[in-house]
Amino acid sequence: MTAVVGGGAAGIAAVKALVEAGLPVLGVERATSLGGLWRLDADTASYEGLRLNTSKPRTEFSDFPMPAEWPDYPDRAQMLEYLRSYADRFGVGEHFRFGTTLESARRTGDGWELELTGPEGPYRETVEHLVVANGHNHEPRLPEPPYPGTFTGTESHAHDYVTPTELAGRRVLVVGTGNSAMDIAAELAGHASAVLLSARRGVWVLPKRLLGRPSDQLNGALAALLPWRVRQVVSQAVLRVADRRPAGPRLPAPREGVLQDHPTLSDSVPRLIAEGRVLARQGVARLDGPRVHFADGQVDEVDHIVWCTGYRAVTPFLDAATMPDPASALLYRHVFPIGDDSISYVGLMQSTGSALPVVEAQSRLVAAVRAGTHRLPDPGTARRIASTELDAARDRWGRRRPHMRIDVDQYLRVMDRELRAAPSRALAGRRILVTGAAGTFGRAMSARFTAQGAHVVGLDIVDTARPDDSGPIIACDITSQESVDAAVAEAAALLGGIDLLVNNAGRGGPAPAELAPGEEVEAQLRLNLLGAWRVTATVMPHLVRTRGRVVFIASRMALLPLPLAAAYGVSKRALAAYADALRLEVGTHVGVTTVYPSMVRSPIHDSTRQAGLSLDAVSRPEPVEGVVDAIVRAVTARRAPRDVATTVRGRVEMMVGRHAPSLADRLVRRTVAARVAAGDFANAPLAAGMVSRHRR
């Protein structure tokens, strides 16, 4: 059993990762619900006007995108909704004991003995591993040592701030230049009689948007290409060019570079300072009754001081021998103490960006180590790696909590490499429905999904027993709404919901466009287009509820149609058009992807081959495994891609088919003419008309 302490973002991510790895887990949360610091309670650092300071794509978990209709920087209530929806989606809450406080954790020979106090009183629990995910925004930190003198007004810490109305009509001094200080100063400007903002040192205050995009996305794009020192030069140059602040007073200029401090974002505070609605002051020198003396000799009378001076990282349930000071702990990858894999820390860091992708990666590492799919390096190697990272942090951030500092983009790349060697569990816990599950693609996809931890149910025209353990197949005729309704209901019951639908069922066969549509044409349209439409519409309520995804397996022939197989090309092109229309309707909640494989050797081509119309000389076959690889990449991507080619050649063909259709037509005509000249269609009655026209 693994115990996870904390029900915020870090604790939620840790429990999810452990559950998906198939490990027993116990979550402990002293509050009555999940959400951590985003809950508006007396024991959290949250306040009503709190907003994200990282944009949606840079904040969300990799397998749960935020709603497209939300603003770039969601507010507190939306973040709380997001975390709880994420927990609900992955069944995290059922593993937590709420209203339960971990009083102490002591090592035993087999792990940890936990002293807990729950709704029914104190009790003990023994676990093998302890995940510390309690956050580090609980214990307010005040200036140390205290400023000289005595202040006779009232004072509070940002931890106690909720709304600006509680300080209405008063002269308020906000001390600090972090994001909370900026938010609080901006809110108070419309309520307090005067707002002063004290900055002990210069700080970079970044706008929330740069060059038409959220500002953190610029640095994120550069991070993939450039080291941080070069990025810093580029970022500062962009900031100077984009600076549109009005003339007037400003906060002190920073001494360090923009990437050498925790980012502070505000569109309003620089403007309010320039307009004189927030008064910029230097650092506090001393207190004198109702007056505050600042470092430059200026003196102001104030009624109230809000100390926005941060928090102490504490683990009150651990003794000093286990964790003397969380803010100066040397941890391997900021997660594991050197040489000790019985305890881990998730979220004990200060990131240059959002914490959510970081705690997700840390949780995956913990789960992989606990599941035995990843081995930590020996203590000597681990210490050397951690010490090298600490030296780099000191070089960049100096003495300001270097043990906790990480560059989010660099860290995530390192963690991705670290975990890449472990068996992939990217689909762990996903509930997947696959149509055409008994076919070539269906069998291969279902086996791969299952190997990566997904739960898979298939639909096919017959209930075919699988030779492997890749999930049951439900007999279903997807051209019948009654059959689809019953099969989807059964699949949803077996899976407990549906997160991903893969529309793979398809039918091929010869069907020249010049001939009147017969049974074969109608059969292909009913199955390839209307069947997929019918199943998708039936599954859609499940996908909307889980913010899931739907994947359509089309064909390269939807973009480069071939003669003599018109029904297949038309039905697959119509399927792609249906996917595009669906995306416009449900794309705010459901990801929609169309995959375009080329020819794969499978029974679907048998009828075409028997009619003397084989595609073997037209399209280069590709391996089934490559197609499945492309599908897995699509369904595990951070955001659902729109269109996916399965090979490099396929991407070229897609580009030509879409952007140079005349060229595509010439290429196909030349290929057809060569085949006619070679006599490939000599014994194909369905091609007789085309052959005779080419010989005239």
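1. Over the ring of which residue does the charged end of K16 sit? The charged end of K16 sits over the ring of F90, 4.4 Å from the centre of that ring, and that of K208 sits over the ring of Y73, at 5.1 Å from its centre. A charge is taken to sit over a ring if NZ of Lys or CZ of Arg is within 6 Å of the ring centre and within 35 degrees of the ring normal.

2. On the basis of these notes: this is a predicted model, in which local features need pLDDT of at least 70 and side-chain atom pairs count only at pLDDT 80 or more, while totals for chains, interfaces and linings use all residues. Residues are numbered from 1 along each chain as its sequence is written, and side-chain values use heavy atoms, with hydrogens and water left out.

3. On the overall build, the chain has 19 helices and 34 strands, where helices (H or I, at least four residues) and strands (E, at least two) are DSSP runs numbered from the N terminus. Its C-alpha atoms fill a box of roughly 105 × 65 × 50 Å, taken along the principal axes. Of the 696 residues, 54% count as buried, that is, under 20% relative accessible area, with exposed meaning over 50% and partly exposed in between (1.4 Å probe, protein chains only). Among contacts (heavy atoms within 4.5 Å) between residues at least 6 apart in sequence, 68% join residues at least 24 apart.

4. Rings of Phe, Tyr and Trp (its six-membered ring) are paired if their centres lie within 6.5 Å, and planes under 30 degrees apart count as stacked, over 60 as edge-to-face and the rest as tilted. By this rule the count comes to 11 aromatic pairs. One of them joins F64 and Y82 in a tilted arrangement, 5.5 Å centre to centre and with 45° between the planes. F64 lies in the loop between α2 (56-59) and α3 (76-89) and Y82 in helix α3, so the pair ties together parts that are 18 residues apart in sequence. Both partners are buried, F64 with a relative accessible area of 3% and Y82 with one of 2%. F64 and Y82 also belong to one aromatic cluster with F61, Y86 and F90; F90 is the residue whose ring lies under the charged end of K16.

5. Helix α1 (residues 9-20) and helix α8 (residues 356-371) have axes that come within 8 Å and cross at roughly 35°, in a right-handed crossing. Axes here are lines fitted to C-alpha atoms, for helices over the stretch in contact, and angles run from 0 to 180 degrees between N-to-C directions; a crossing is left-handed if the near helix is turned anticlockwise from the far one by less than a right angle, and right-handed if clockwise. From α1, residues including A9, A13 and A17 take part, meeting residues of α8 that include L356, V359 and S363.

6. S354 is placed in the loop between β26 (350-351) and α8. Is S354 buried or exposed? At 6% relative accessibility, S354 counts as buried. Leaving aside neighbours within four places in sequence, S354 is in contact with T54, R58, T59 and V408, and the C-alpha atoms of S354 and V408, 54 residues apart along the chain, are separated by 7.5 Å.

7. Helix α13 (residues 519-546) packs against helix α14 (residues 566-586) at an angle of about 20°, with their axes 8 Å apart. The two are therefore roughly parallel to each other, a label given to angles under 35 degrees, while those over 145 count as roughly antiparallel, 65 to 115 as roughly perpendicular and the rest as oblique. Among the residues in this contact are Q524, L525 and W533 of α13 and Y568, S571 and Y578 of α14, and the crossing is right-handed.

8. Q524, in helix α13, is buried, with a relative accessible area of 0%. Not counting residues up to four places away in sequence, Q524 touches R507, G508, G509, L529, A567, Y568 and S571.

9. Helix α12 (residues 481-495) also meets α13, with axes that come within 10 Å and cross at roughly 35°, again in a right-handed crossing. The contact involves residues including V484 and V488 of α12 and V535 and V539 of α13.
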